[in-house]
Amino acid sequence: MNIFEKIAKLDRRWIYLILAAVVVITILVKFESPLRVNPEVRSIFNFVEGLEEDQYIHFAMDYDPGSMAELHPMTYAIMEQTLAKGVKIIITALSPNGPGMAESAMLEIMDSVRVKYGRELIYGEDVVFLGYKAYPGIVILSMGQNYRLSFPSDYYNTSTDSIPMMDGIINYDNVEGIILITGTSGIDFWLAYANGRYNARLAAGLTGVSAADYYPYLRSGQLFGLMGGMLGAAEYETLLREPGDKPGPAMEAMRVQVWAHITIIIFILIGNIGYFVSKRKGGMR
Amino acid sequence: MKREIPLMIVFVTGLFMAVQFFVPHSKSEFVYEFVMEWTIIIGIFALALGIWSIVRVSANKIKRRAENWQYAIIILAGLISMPIFALTGGLESYMWRHFFNYIIMPLHATMFSLLAFFIASAAFRAFRAHSLLASVLLFSAIIIMLRFNPFLGFLGEPIGDLAAWILNVPNMAAKRAIIIGIGLGMVGTALKVILGIERTYMGSD
């Protein structure tokens, strides 16, 4: 067995070890990845920038802790920007393991808006968390009729009718748009029902692996914006960043992703060299 | 009658829901909201059925000492303890929060993180340029991975443009074709169910 055949049959544990080493080392090495902001990310930013105080948006955090690393930076960036402007947010979490995580994120963001922007936010007046209900398709459809059908009370079991900021808020017609952050195919329900049936304006932040699947909806106008994975979040953070600001969490994580991708590309090239050399030698025999 | 009544219910409901979409009258909206409430209630029964099913499967596994039966104990312990913590202490319950923050969240994150290693290994083994189509796929994957690489120098801009083109043109065209195919398939299946041609929901028929 020559060197190329050995490479082509490299034990997968070596690959795991090398990738783990690359990830750990690049966390420690500081450099910034130059990001070019795509129009699909910029349009979400422009939408939030265009909102005025006391307008409403619906923020759907439909993801589990599994995709938290990729999707949390988007949630933090957008919600912080929105709340700092005085825009009110209705939050739902239609993923079974999401509500606890969504609540923690909401409380942290409220706190960070207070510290960074000096804006004291009050739960029930600036932000409300309606929580989780099973069967996302049905819940999304029913919210299009009336939020109270699926959520007669919020996450803390307070009657929705008694929450001050829900006064006069009936359905999607009363919000300027829906920003959906999801790691599941639940986006299909939002597209078909919230946008298709009720004409709600919808933008989405998705995991890197699923973002490419939703470009057709972006071009058809069913989504007005799209963010894909860590890269999308880093692009958004670039837009929010003021001169002198430290890079955001997604921008920091990008350098790990850059090196992990370089490692994977090197593995692919080595695998192909091994494959072609072995094939050529086999053909010559 | 055992077969005709369910078929009739499905036909009438299916037809109503299809027609209702185009009738923005208050009475039609009222019936639609009523049906929505019923769907949620029926859904909750399905959830109860799912819980019962997992309890039965896990209990049987423990009773028969089937392979990896110990994991079934953990499933049942989690299934029983989390609702108890939430019901007794509310969502502020110390135990509920700690179980969620320090067990469920890291477990989920770990499972998802493992993907990176599997992807690296799979890419090494599977991405071989053994045909024209495989080479196109390989080339596209490398371009997409390189699009935000800071070490490309003057190549960065054209690679970024090429990656955007791959996502917006060939990728979108292929996805559109798949989506339209799925959509037509769904309409066909829905019609078959409404018209009683597809009856698998009634069990063995």
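Biologist: At what angle do helix α4 (residues 68-84) and helix α11 (residues 229-240) of chain A cross?
Modeller: Their axes, lines fitted to C-alpha atoms over the stretch in contact, come within 8 Å. Helices are DSSP runs (H or I, at least four residues), numbered from the N terminus. This is a predicted model: local features need pLDDT of at least 70, side-chain atom pairs pLDDT 80 or more, while totals for chains, interfaces and linings use all residues. Between N-to-C directions, on a scale from 0 to 180 degrees, the crossing is roughly 25°.

Biologist: Which term describes α4(A) and α11(A) relative to each other?
Modeller: Angles under 35 degrees count as roughly parallel, over 145 as roughly antiparallel, 65 to 115 as roughly perpendicular and the rest as oblique. The two helices are therefore roughly parallel.

Biologist: Which residues of α11(A) make the contact?
Modeller: Contact means heavy atoms within 4.5 Å. Residues count from 1 along each chain as written, chains are lettered from A and ligands numbered from 1 in written order, and side-chain values use heavy atoms, without hydrogens and water. From α4(A) come A:Ala69, A:Glu70, A:Pro73, A:Met74, A:Ala77, A:Ile78 and A:Gln81. From α11(A) come A:Gly229, A:Met230, A:Ala233, A:Tyr236, A:Glu237 and A:Leu240.

Biologist: How are α5(B) and α6(B) set to each other?
Modeller: Helix α5 (residues 132-146) and helix α6 (residues 156-168) of chain B have axes 9 Å apart. They pack at about 120°. They are therefore oblique.

Biologist: Which residues of α6(B) meet α5(B)?
Modeller: α5(B) brings B:Phe139, B:Ser140, B:Ile143, B:Ile144 and B:Leu146. α6(B) answers with B:Ile159, B:Leu162, B:Ala163, B:Ile166 and B:Leu167.
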